[in-house]
2 protein chains.
Amino acid sequence: MGTPESDPAGGTPRTRRAKRPTMEDVAARVGVSRALVSVVFRDAPGASRETREKVLRAADELGYRPDSAARVLARSRSRILGVMLTVRNPFHADLVEAIYPEAEQVGYDILLSAHAPTRHSHKAIEALLGHRCEALILIGPETDPAFLTEVVRQVPVVSVGRRFPDTGVETVHTAEAKGVRQAVDHLVALGHRDIVHIDGSRGAGSAERRRGYRKAMRGHGLAEAARVLPGDHTEESGAAAARRLLDEGTMPTAVLAGNDRCAIGFLDAVSRAGVHVPGDVSLVGYDDIPIARLSHIELTTVRQNVPRMAALSVRTALNRLEDPGRAPQEAVLTPELIVRGTTAPPRTRD
Amino acid sequence: MGTPESDPAGGTPRTRRAKRPTMEDVAARVGVSRALVSVVFRDAPGASRETREKVLRAADELGYRPDSAARVLARSRSRILGVMLTVRNPFHADLVEAIYPEAEQVGYDILLSAHAPTRHSHKAIEALLGHRCEALILIGPETDPAFLTEVVRQVPVVSVGRRFPDTGVETVHTAEAKGVRQAVDHLVALGHRDIVHIDGSRGAGSAERRRGYRKAMRGHGLAEAARVLPGDHTEESGAAAARRLLDEGTMPTAVLAGNDRCAIGFLDAVSRAGVHVPGDVSLVGYDDIPIARLSHIELTTVRQNVPRMAALSVRTALNRLEDPGRAPQEAVLTPELIVRGTTAPPRTRD
DNA sequence: ATGAAAGCGCTAACAA
DNA sequence: TTGTTAGCGCTTTCAT
């Protein structure tokens, strides 16, 4: 009750600055040793039921909270997993949300570090290393392999969505080619032959998607019809591709976008030009980000298995931690075509 | 050169586990004391040019990196600012990106903590406190005031975009009413009288926006025409509102959405129904998120001053740190109406 | 079940 | 300019 410090000239809601209580304070209050309090807070065996309760109660009264820095410093293993993400990427957000509970379950804390235009991924990674993360999970990293090779020497690194051959980086990603094939198969089954792919350039997974598209087209004897338009993983590029097809009068009967954001840009641009989806042109995205399932979008898309990607990222990191000698793993997940409202048979000619 | 440890049974890219070098190691290599190395790494005065170079070189050769945990523990002040964000909110992402350089400039590190469906904001905040953050910047927090009142007792807290009266929480936000007024003025100047507002419910700033809308309408003698539709800050709610207006045949000549995401949902839904923007209905958003300026969207919207919000958040936190006794501040920023392509004079009747 | 004591890697005050 | 020396708050043997 009451703050220990004097409360000068009231008025202001309250003057903070109550020195943060330590384990020692809790121990003193209960009349036990610091070590015992430590045991209680770590849920370690070796404290009576009674003691536990008393300690917890005292801690609560004091407003005690373990100091992570001290904890990390004293522990041989930090039990922290570093996660790098691009803050404005919704797919990354999905993954992060799924990673939290996954890590908690195995007793690890998560430290987030943002990669952004104002913050190079090297910096983001350095920060994580500085905090003694036991392993790193990098989401769709666009980091250069040479740098990663150095990092791998220090801690296990798991890359989600992008492969780094011969660097020692573990990988968790989707079988892109399989996803693309499902999409193309679906379109062909509907009767489409003129299917265009909007490329994702350097975006995670695009190289595989592009190759997968070409191969799938060949598989249907449509090698000649294959067309790849330049683009990237942004709405803008989808819209640009749409404008181009519109201007050139070369609109195909179906479009396979590099990812959902690109698909949505495309959808938006053609809709506003009076071209209907799927009436005039069918559209398939990739990722199944939350916005894709909105009732007014209903994007047919290829879903990546986010929960499993999250679980595997964490598990892969831990496995590597347990057995540092083993060869880097590559986990490949099966994507799933989600058919919604943007695909339909092509309009019959005349 | 080479790793200190033996490299058993090659094949695997490399076996990590080289014990992380400490300051002591660097000191030993150069032949100076640890304290001197510390001085160099803190950029503190008191080391010769020559020593600095030698130390830095040795550190580089060893791959030394300061240990944040030890650093934080030893320092009286951690020089860390905790930032909580909702990981899938693009507006939050913008702010975070702007906060990084701002913090760096004043010598502070940033620790991110995500609020998500899988992670309660209390937890996110606890984590930040556990890491000894000197102050907290909470972006659009939906945390309950009682909890924040407790937190404020321990560290300065800055809330961005949401006010917490009588809690001691500092606030940085936009003069929402002013932004809404600009939007309504613009619409009225174009000749609109039937202007509907889609509400943002509990979203940051919505209460002020709603009130501002009503007031602005009254100011134009349009109190009777004011209509507020239920909604929230998601695309889905914009689309739902659109469908409702479409179904009921009560489409106004202009719509003021609760935020950009809502506006985009609305835009999308009406476009697909063959209703043109701005030909049939004008539309104004709020926030000016990146997607709003895409060439195919060109959303007229109210821009919040993100760079200044970021700078002020950091500065406010620091000010409070310097003078813990002062009353909580409320920084109010002026919004700016960005007129783009979704607003035009209403269609002439008949 | 409980306590004593030695660090973890660094900072910072003080001496030299 | 450089080195010595206490801690920072916790974990973790090892005794008791």
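**Before you start.** This is a predicted model: local features need pLDDT of at least 70, side-chain atom pairs count only at pLDDT 80 or more, and totals for chains, interfaces and linings use all residues. Residues are numbered from 1 along each chain as its sequence is written, while chains are lettered from A and ligands numbered from 1 in the order in which they are written.

**Stop 1: DNA strand D.** Select DNA strand D and the 26 residues that surround it. A residue counts as near a strand if its C-beta atom, placed from the backbone, lies within 6 Å of it. The closest are Met23(A), Ser38(A), Ala70(A), Ala74(A) and Ala35(B). Now colour the elements that give two or more residues: helix 1 (23-30), helix 2 (34-42) and helix 4 (68-74) of chain A, with helix 2 (34-42) and helix 4 (68-74) of chain B. Helices here are DSSP runs (H or I, at least four residues), and strands are runs of E (at least two), numbered from the N terminus. Helix 2 of chain A gives the largest share, five residues. By class, find 13 nonpolar, seven polar and six charged residues. Ala, Val, Leu, Ile, Met, Phe, Trp, Tyr, Cys and Pro count as nonpolar, Asp, Glu, Lys and Arg as charged, and the others, Gly among them, as polar.

**Stop 2: DNA strand C.** Move to DNA strand C, with 28 residues around it. Val32(A), Met23(B), Ser38(B), Ala70(B) and Ala74(B) come nearest. Helix 2 of chain B gives the most to this surface, with five residues. The classes are 14 nonpolar, seven polar and seven charged.

**Stop 3: a helix pair in chain B.** Select helix 1 (residues 23-30) and helix 3 (residues 49-62) of chain B. They pack at about 120 degrees, with axes 9 Å apart. Axes are lines fitted to C-alpha atoms, for helices over the stretch in contact, and angles run from 0 to 180 degrees between N-to-C directions. Show Asp25(B), Val26(B), Arg29(B) and Val30(B) of helix 1 against Lys54(B), Val55(B), Ala58(B), Ala59(B) and Leu62(B) of helix 3. Residues are in contact if their C-beta atoms, placed from the backbone, lie within 7 Å. This contact has six nonpolar, no polar and three charged residues.

**Stop 4: Ile338(B).** Jump to strand 12 (residues 336-338) of chain B, where Ile338(B) lies. Leaving aside neighbours within four places in sequence, Ile338(B) is in contact with Asp288(B), Thr300(B), Thr301(B) and Arg303(B).

Methods. Two residues are in contact if their C-beta atoms, placed from the backbone, lie within 7 Å.
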